[in-house]
Amino acid sequence: MSQEGQSDAPISVGDDGTPTVFLNPDHPGSSDRDYRRRRNAILAAAQGYTPGDPAPEVEYSLDDHECWRFIRKELDARHHTYACTAINEASEALGLPYDHAPQLRTVSQKIGKLTGFGFVPAAGIVPVEEFYGTLADGIFQATQFIRHSSIPLFSPEPDMVHEIIGHGTALADKKFADLYRLVGRTVRRLETKEAVNAVSRFFWFTMEYGVIKERGEMMAFGASLLSSYGELAEFRSVEIRPIDVREMITVDYNYEQYQPILFHAESISHFEDAISEFCQSISDDSIGRLMESKVWV
Ligand SMILES: [Fe+2]
């Protein structure tokens, strides 16, 4: 997971080195001792992760599995109405289970066979340069905890439902996986914070909240839309502008609420062209000019 959306759960480390996830008092799992224990155990396992190994096994509880069963079924139904064809086909190919919460390592192996991408566990906040940079290597850094089962249709932070059903499904499609890699390579060659932030904002309005037109309808492919039960049903009623890079990297957004402005491409190939042109054109020198005037698209 990238830095956006992580502020809800900062981490502290005790004198003995044990990490603790801080949940705000209004977090659905804040008063659930077992849930907090699992969150801390998942964090500790991620911190102990050795690159190159499969993601650590997580002991999901019966409530966690029930939560997954519920959200998996509900999102699946919405995807048939609101997700683009490529996403539904990728979902079919990926074949995520309906009856139990999957292990990140298992999903990672399946995606690897389809597109070469893989998941590794994210141990807390991942700096943006590192998060996007590792995409170039076909690596997506993901959380392994699941939202609290008391509110299965909502998560105040990106959880494994977001990572696996949102990003994982897109990464099971070769075109989208290639575009994730392209974003990674682009960030790798940039040095200024301003330019990296511009790519991050572009990612936000595409890989997280991207929409394309299909058969006259707006269809979602962005991971945040795909993993949000409520927002999927409402995104067609917000302002959806034609894709415009300058607007996308300058418009205000708040990751804690439904997005009031989205951007759409006319087709996947139109989106591919737009992201390719952006990634080829952006540089540490050009970013200032781009913020001032419309240069692309
Ligand atoms: Fe995300």
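Predicted model: local features only at pLDDT ≥ 70, side-chain atom pairs only at ≥ 80, totals over all residues.
Figure 1. A polar atom of the Ser286 side chain lies 3.5 Å from the backbone oxygen of Ser281. The side chain of Ser286 also reaches the backbone nitrogen of Ser283, at 2.9 Å. Ser286 belongs to helix α13, which spans residues 286-292. With a relative accessibility of 8%, Ser286 counts as buried, because buried denotes a value under 20%.

Figure 2. His167 and Glu208 are both buried.

**Figure 3. The largest nonpolar core.** This core has 91 residues, and those with the most contacts inside it are Trp68, Phe119, Phe140, Tyr180, Phe235 and Phe271. Helix α8 supplies the largest share of the core, with 9 residues. In soluble globular proteins, nonpolar side chains tend to be buried together.

**Figure 4. Surroundings of Phe119.** Phe119 is one of the residues with the most contacts inside the largest nonpolar core. When neighbours within four places in sequence are left aside, Phe119 is in contact with Leu104, Val107, Ser108, Ile111, Phe140, Ala142, Glu163, Ile164, Gly168 and Leu171. Among these partners, Phe140 is likewise listed with the residues that have the most contacts inside the core.

Note on methods
Residues numbered from 1 in each chain as written. Heavy atoms only, no water. Helix = DSSP H or I, 4+ residues; strand = E, 2+ residues; numbered from the N terminus. Buried < 20%, exposed > 50% of the residue type's maximum accessible area, 1.4 Å probe, protein only. Polar contact = N/O pair within 3.5 Å; in protein donor to acceptor, adjacent residues only side chain to side chain. Core = buried A, V, L, I, M, F, W, Y, C linked by side-chain atoms within 4.5 Å. Contact = heavy atoms within 4.5 Å.
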